[in-house]
Each structure stands twice: as C-alpha cells, then as structure tokens.
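Work through each task before turning to its solution.

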Amino acid sequence: MSSALHNLSHVHNGEVPSAKEMHFGIAVSEWNTEITGKLLTGAYSTLQKYEAKEKNIIVKWVPGSFELPLGAQLIAESHKVDAVICLGCVIQGETRHFDFICSAVSTGIMQLSLAYDLPFIFGLLTTNNMQQAQDRAGGKYGNKGDEAATSAIKMVAMQQGL
Ligand code: DLZ
C-alpha cells in the first residue's frame, strides 16, 4: 500500500529494463477523470522515460472501472501488445457499489493475465475519498500510473527473458 514509506513513483526493487522494443495497451476509465487523467499521464510518461515509442502505446478509454477488464481484453485481441495497463479510480460511496466494482475489476484483470499469458496490470486506485486518490495520482504518495507502467515493463522483460 502507498504511504509515506512507499512512494508509488519510486522504483523500489531492482532496475527497470528498457522498453524500447515493447508494445503496450492502456485501458483507462472515464469515471473520476480528474484522477484517471493523471494516472494516464504518469503511466504514459513513465513508459516513455524507459524508451517505449509513442507508436507502440495504444490508449483506449472505457466508461468506468467495471469495464476495464473487457476494454483491456479487446485491446489485447485487436493489437499486438506485450502488456495491457488498466487505470481507474474507485472511490468509496454510501452504497456497496465500491465493493462490487473493486472485486469484479481485480478478479477480471487477474483472470485475463492467466488466460492470455500476458501481463494485465492492476492500476486501480481504490480509496475512501477524493483526497486519498489525489495523493496517489501525482500527489504526496506519487502516482499509481507510474507504478503500473514500471510493473508492466518489468513483467514484459520477465516474460521475454524466459
Ligand atoms: C457506477 C459507478 C460508481 C458509483 N462509482 C464508480 C467509481 O468510483 N469509479 C469508477 O471507475 N466507476 C464507477 N462507477 C461506474 C462503473 O464502473 C460502471 O461504469 C457502471 O456501473 C456501468 O457498468
């Protein structure tokens, strides 16, 4: 979990390999765009920081986080990608909607990874309020998009190295 001790934008374990020859998809949710736009900026710029080419990064928007697994699957089926990064922000409300969305998205993304033998990365913020989301979307705890991008690069390198 991100905190004062774990900044999402810092690479904590090992070096990040070059992404020069890698292809990425990014599925991003329109809900809480104020946050998800920043996650997208973080993920995109981090991929570029590690040399991914713009032409090798495809971005597709979906209506809400619940649609991220299908959106990611459609990207994987229609484009040559080595990994798909899923970006969304679910904020706790008064109803149990939060629990159902978070559970469905996390299970859906994990199932995609195993079914496709491809890294589908969980770049979802699941927070109690907007402030916690802002803190993790380029705020004091870094950017979940950065973390998702470095995870994607590391997993592609790991898979290609086998
Ligand atoms: C309906 C809904 C609600 C209440 N909250 C969020 C949220 O905080 N974050 C998010 O990404 N999406 C939310 N949604 C929309 C659902 O993810 C989904 O798009 C709709 O239920 C339609 O399937």
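**Exercise 1.** How far does a polar side-chain atom of N32 lie from an oxygen atom of the ligand?

*Solution.* This is a predicted model, in which local features need pLDDT of at least 70, side-chain atom pairs count only at pLDDT 80 or more, and totals for chains, interfaces and linings use all residues. Residues are numbered from 1 along each chain as its sequence is written, and side-chain values use heavy atoms, with hydrogens and water left out.

A polar side-chain atom of N32 is 3.5 Å from an oxygen atom of the ligand. For S29, the distance from a polar side-chain atom to a ligand oxygen is 3.4 Å, whereas F66 places a backbone N or O atom 3.1 Å from an oxygen atom of the ligand. Of the 480 Å² of accessible area (Shrake-Rupley method, 1.4 Å probe) that the ligand has on its own, the protein covers 72%.

**Exercise 2.** Which element gives the most to the shell around the ligand?

*Solution.* Two or more residues come from each of β3 (83-91) and α3 (97-116), both being DSSP runs (helices: H or I, at least four residues; strands: E, at least two). The most is given by β3, with three residues.

**Exercise 3.** At roughly what angle do the axes of α2 and α3 cross?

*Solution.* The axes, lines fitted to C-alpha atoms over the stretch in contact, come within 8 Å and cross at roughly 25 degrees, α2 spanning residues 68-78. Therefore α2 is roughly parallel to α3, the class for angles under 35 degrees.

Definitions and conventions: Polar contact = N/O pair within 3.5 Å; in protein donor to acceptor, adjacent residues only side chain to side chain. Axes fitted to C-alpha atoms, helices over the stretch in contact; angles between N-to-C directions. Parallel < 35°, antiparallel > 145°, perpendicular 65-115°, else oblique.
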